[in-house]
Each structure stands twice: as structure tokens, then as C-alpha cells.
Amino acid sequence: MTRIGIGGLLVAFLACGVSFLPGLPATAKEPAQVPRGRWKQHSMIRPKPQVVAAQGIATPQPAPADAVVLFGGDSLAQWVTDTGEPAAWTVGDGFFEVTPNAGAILTRESFGDVQLHIEWASPSPAAGIGQDRGNSGVFLMGRYEIQILDTFQADTYADGQTGAVYGEAPPLFNASLPPGAWQAFDIIFRGPQFSVDGTLLAPAVVTVLHNGIAVQNNEQIVGPTSWLNTLAYQSHSPEAPIRLQDHGQAVRFRNIWVRRLPTRIEPSAEQSRPPRAIAKTPAELAAFAGAFQLGDDTTKPPVAMSVDGNGLIVRFPDRPVDMPIVPVSEKVFEFVNTDATIEFKTDAAGKPGDATMHIGGSTRSLKRLK
Ligand code: MG
């Protein structure tokens with residue numbers, strides 16, 4: 001039996017990026033519930049991603065104007081250690097690299113939903129095998145690792161390859177470039193959502209391009225990533241530092257920028273309320289029904305309106321869905337599901353004739369056909 005000292009265990013534990021580290025909230029110590037039929041973590045028989053010949057990154061990709069530049073080429077000022085000290089990795093000419101065993105570095109700022117661009121290069125010449133060959137990683141919110149590894153003509157388990165959601169989702173392709181070549185991740189990440197009582201409402205989701213190749217496609221993250229076993233989600237703040245892993249190998253980085261992504265705004269009850277319909281008799285509604293020419297194109301089939309309950313059903317010739325509208329004033333009908341209205345003209349006797357549809361800030365004429 002191999003004997004490993006406490007120190008060795010600690011080094012191995014830290015090296016694998018488990019996030020029970022100072023400066024971070026504790027993650028769950030319970031393993032995630034593993035649905036039946038899922039691959040065992042780090043399975044060596046799980047299919048490996050197909051190798052694809054990606055293009056290199058000849059020059060750093062420019063940051064958009066609204067990006068937070070996390071490394072522009074000469075300073076690690078945006079990065080700190082787990083204890084909040086200045087990051088102690090080595091800065092070179094336009095890049096920085098892991099100082100082995102100096103520990104992980106974290107962004108000073110916290111981030112939630114992001115678009116992250118990061119360029120990196122594996123140590124050259126290559127050294128080590130498996131998970132000890134150019135290993136680092138990008139830990140989104142400090143917990144969810146997108147693996148960095150030298151997997152150029154090198155083998156390891158599928159869920160530990162470059163671009164993997166580590167221990168969970170192998171990359172869809174192996175787009176690795178040779179050691180020393182600059183490579184890029186473009187990561188689009190949405191953090192997990194928790195209820196006030198800490199219940200998981202929605203898991204984190206990630207899309208990753210590796211050297212322009214899609215390697216994660218809207219992948220749901222099962223839980224905080226970890227060596228040997230995925231952890232269960234535990235409620236955490238909506239923003240947390242991004243973390244780069246020190247796995248003991250001098251992986252290089254350059255040109256790192258991030259853009260915060262807005263959350264979608266849900267409508268208020270008033271903004272999503274149904275139309276305030278007024279009552280009309282079936283006979284009154286029937287007077288509005290009929291066939292209408294939409295716009296000036298006389299070659300298209302007409303728009304049909306027919307009575308349905310307390311309103312009308314509108315059927316457009318090239319739309320498969322019947323659309324209900326209800327009267328909200330004497331001459332105006334409002335669409336139930338769409339922000340649009342149809343306003344009818346009436347003659348001197350009050351009989352409805354042609355109409356105008358108001359939609360998206362513009363109007364379409366509806367000419368009543370005889
Ligand atoms: Mg790693």
C-alpha cells in the first residue's frame with residue numbers, strides 16, 4: 001500500500017482545485033445526487049472527444065470597450081491570493097504564468113453571469129502525463145472549473161480534458177494546440193440561481209469555445225466541480241471571484257477580459273396583464289369580422305377575422321396560429337398575447353370598415369374585402 005503523508009494529501013487536495021479554501025465560502029461536502037445511467041466520474045472508457053484541427057491565436061483578441069480587462073499584458077493588479085494578498089505569479093513580456101505551488105489567484109472583483117475571454121499556453125516543452133501535464137483551470141465563481149490541460153496528442157480521462165466542465169462534461173471536441181501555442185477560451189456562463197431559502201432553482205449553464213471550436217454547448221453544470229466526485233450545489237452569492245488554478249505547472253496566460261451579462265427583465269404584473277376587454281354582443285362583434293387585405297399586396301390570401309367568445313380570432317395567411325383579439329374600446333381591439341392593436345374605421349352609421357394594425361411601432365393597413 002502506498003503511504004502518503006498529510007502534507008502530500010493536502011497538496012494533492014489543493015492541486016485538484018477543490019474549493020474548500022480560505023477566502024471562499026464552503027461548498028457542500030455531500031456528493032451530488034448522481035442520476036442513474038450517468039458516467040462514473042473520470043471514466044477511462046467514456047468516449048474521448050474527437051480531435052479537430054483548430055486555428056491558433058496569432059495576436060491577442062482585442063477587448064470590447066465595455067469589458068473589464070483582467071490582464072492587459074503587464075500587471076496582475078486585478079488578481080489576489082486566497083488571503084487577499086497581491087497575486088504572486090510571474091509576469092513576463094505580455095503574459096503571466098503560474099508560479100508552481102504559489103497557490104491559486106482570484107480576481108479582485110466578483111462576477112456572476114459573464115462572457116469571459118482568456119488566452120493561455122501550455123508549458124513548452126511538454127512535461128508530465130495525464131492530469132499532470134499543463135494542468136490549470138478557470139474556476140467560474142470560484143467553484144465551476146473549465147479545465148485547462150495539455151491534451152495535444154496526450155491522453156487523460158474524457159471529463160478532465162481541456163475545455164471539460166471538470167469531472168462532469170467532457171469537451172465536445174479536442175481542439176488543443178501544441179504546447180507553447182497561444183490558445184483561447186471564450187466562455188459564456190450563467191451562474192446558478194437559488195431561492196431565498198437556498199434551494200437550487202436553476203443550475204449553472206456554460207458554453208465554451210476553445211480556439212473557436214464549440215466544446216460546451218449550453219451545458220448544465222451538475223454542481224461545484226471537484227476531483228473524484230461532483231459536489232452538491234450550496235447556495236452562494238450571485239457574484240464571486242473568478243479563480244485560476246495552480247496545479248503545479250507553469251501554464252501561461254495573457255489577454256483576459258470579461259463582460260458582465262445582464263439578466264433578463266421579467267415584466268411586472270401590469271406590464272404582462274391581459275387586455276382590459278369591454279363587453280360587446282355577438283352581433284356587434286360580427287360586424288367587425290370579415291376578410292381583409294394586409295398592406296398593398298393583392299396576391300396574398302386575405303387576413304380572416306371571425307367571432308370567438310367575447311372577441312375575434314385573427315388568422316394571418318402565413319401564420320399557423322389563430323390569434324385572439326378582444327375589444328378594449330368602441331373601435332379598438334387588443335391582441336391577447338402580442339403587444340399590438342387593430343383599430344377599425346367606422347362609417348357614419350357606425351359600421352366597421354377598413355382597419356389599421358399597430359405593431360412594433362409601425363402600422364399595417366387592413367382593407368376590408370367585399
Ligand atoms: Mg485543472
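**Close-up views of a predicted model**

Met141 is buried, its relative accessible area being 2%; here buried denotes under 20% relative accessible area, exposed over 50%, and partly exposed in between (1.4 Å probe, protein chains only). The structure is a predicted model, in which local features need pLDDT of at least 70, side-chain atom pairs count only at pLDDT 80 or more, and totals for chains, interfaces and linings use all residues. Residues are numbered from 1 along each chain as its sequence is written, and side-chain values use heavy atoms, with hydrogens and water left out.

View A. Met141 is found in the loop between β8 and β9 (144-148); strands (E, at least two residues) and helices (H or I, at least four) are DSSP runs numbered from the N terminus. Although Met141 is not a glycine, its phi is positive, near 55°. Asn255, in strand β17, likewise is not a glycine and has a positive phi of about 45°. Asn255 counts as buried at 12% relative accessibility. Most residues other than glycine have a negative phi.

View B. Ser124 and Pro125 are joined by a cis peptide bond, with omega about 0°. Pro125 lies in the loop between β7 (114-121) and β8. Most peptide bonds are trans.

**View C. The magnesium ion.** Asn135 (OD1), Ser136 (O), Glu145 (OE), Gln147 (OE1) and Gln245 (OE1) coordinate the magnesium ion at 2.2 to 2.3 Å. Donors are N, O and S atoms within 2.8 Å of the metal (3.2 Å for Na, K and Ca); water is not among the atoms, so sites may look incomplete. The donor residues follow the sequence spacing N-S-x8-E-x1-Q-x97-Q.

**View D. Strand β16 and its partners.** In β16, 5 of 5 residues are buried. Strand β6 (residues 105-111) pairs with β16 in the antiparallel sense over 4 bridges, a pair requiring at least two DSSP bridges between the strands. Leu106 has Arg243 of β16 as its bridge partner. Strands β8 and β16 also run antiparallel, joined by 2 bridges. Here Val138 has Leu244 of β16 as its bridge partner.

**View E. The two assigned domains.** The domain assignment gives domain 1 (6-32 + 39-260) and domain 2 (282-368), with bounds taken from an automatic or database assignment. The centres of domain 1 and domain 2, taken over C-alpha atoms, are separated by 55 Å.
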